[in-house]
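Biologist: I am new to this structure and would like to discuss it with you. Please show it first.

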Amino acid sequence: MQAIMETLFDIFYLTSVITLGILMASKKQTQKQYRLFGIMAILLGFGDAFHLIPRAFALWTTGLENHAFSLGIGKLITSITMTIFYVILYHVWRMRYHITEKKGLTAIIYILAFLRIILCLCPQNAWTSPAAPLSWGIYRNIPFTIMGILMIILFYKSTRQHHDSSFKNMWLTILLSFGFYIPVVLFADTIPLMGMLMIPKTLAYLWTVWIGYQAMKTNM
């Protein structure tokens, strides 16, 4: 039953995110921010596919515990693409609200993204091991979480300052995605049911993409 339900959910999620991304990225007559948003959504979908497809294969065959290598590599790729996702979202924020200054903030975002990727690439993560250390799961998510907090603050303040009803819930989708993700990082190994939080976390990302798509349609 888990294999059926999880696979159906993953197909729905990946198809929705990638399709919406393509629709946004391929609209030449729309604003640059929405094309960039579309590229971001496509990256999200294909990045998550590196983890979700091996996971579905494992569930339908010999079980998750027998596919530690492919699942670990998938998690590594997803971790990197998710980092790039937030860098792109930061530039969407700059374009949408016509931010031309704040070079220091840009530097901070890129430094945090660089640190996150470097930490993800460290062999101490033991991505392909069935007993990867929790400590490195925490280390690599510190700069990532700081990025998320910054994006929450930026979108919360800007949407209210500019009375941007289309993006008014963008900060909330980011908050929810991290709110569901962090407990999984901290407790999923000891409390397996915590892994269920990845479902609402994934839906929060789908909501993020939907907000961008709906805003594009409104402005066409």
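Biologist: Which residues have the most contacts inside the largest nonpolar core?

Modeller: This is a predicted model, in which local features need pLDDT of at least 70 and side-chain atom pairs count only at pLDDT 80 or more, while totals for chains, interfaces and linings use all residues. Residues are numbered from 1 along each chain as its sequence is written, and side-chain values use heavy atoms, without hydrogens and water. A nonpolar core is a set of buried (under 20% relative accessible area, 1.4 Å probe, protein chains only) Ala, Val, Leu, Ile, Met, Phe, Trp, Tyr and Cys residues joined through side-chain atoms within 4.5 Å. The largest one has 48 residues, and those with the most contacts inside it are Y86, L89, F155, F167 and I174.

Biologist: Which element gives the most to this core?

Modeller: Helices here are DSSP runs (H or I, at least four residues), numbered from the N terminus. Those giving two or more residues to the core are α1 (2-25), α2, α3 (68-96), α4 (103-121), α5 (134-161), α6 (170-187) and α7 (198-218). With 9 residues, the most is given by α3.

Biologist: Where does α2 bend?

Modeller: Helix α2 has 29 residues and reaches 41 Å from its first C-alpha to its last, close to the 42 Å expected at 1.5 Å a residue; the expected span is 1.5 Å times one less than the number of residues. A bend is the angle between axes fitted to the seven residues ending at a residue and the seven starting there. In α2 this angle is about 40°, at A49.

Biologist: How far from D48 is the nearest side chain of opposite charge?

Modeller: D48 is found in helix α2 (residues 32-60). Lys and Arg count as positive, Asp and Glu as negative, with His and the chain ends not counted; a salt bridge needs a side-chain nitrogen of Lys or Arg within 4 Å of a carboxyl oxygen of Asp or Glu. D48 is buried yet has no salt bridge, and the nearest side chain of opposite charge, K201, is away by 5.2 Å.

Biologist: Why does H163 count as exposed?

Modeller: H163 is placed in the loop between α5 and α6, and has a positive phi of about 50° although it is not a glycine. Most residues other than glycine have a negative phi. Exposed means over 50% relative accessible area. H163 counts as exposed because its relative accessibility is 69%.
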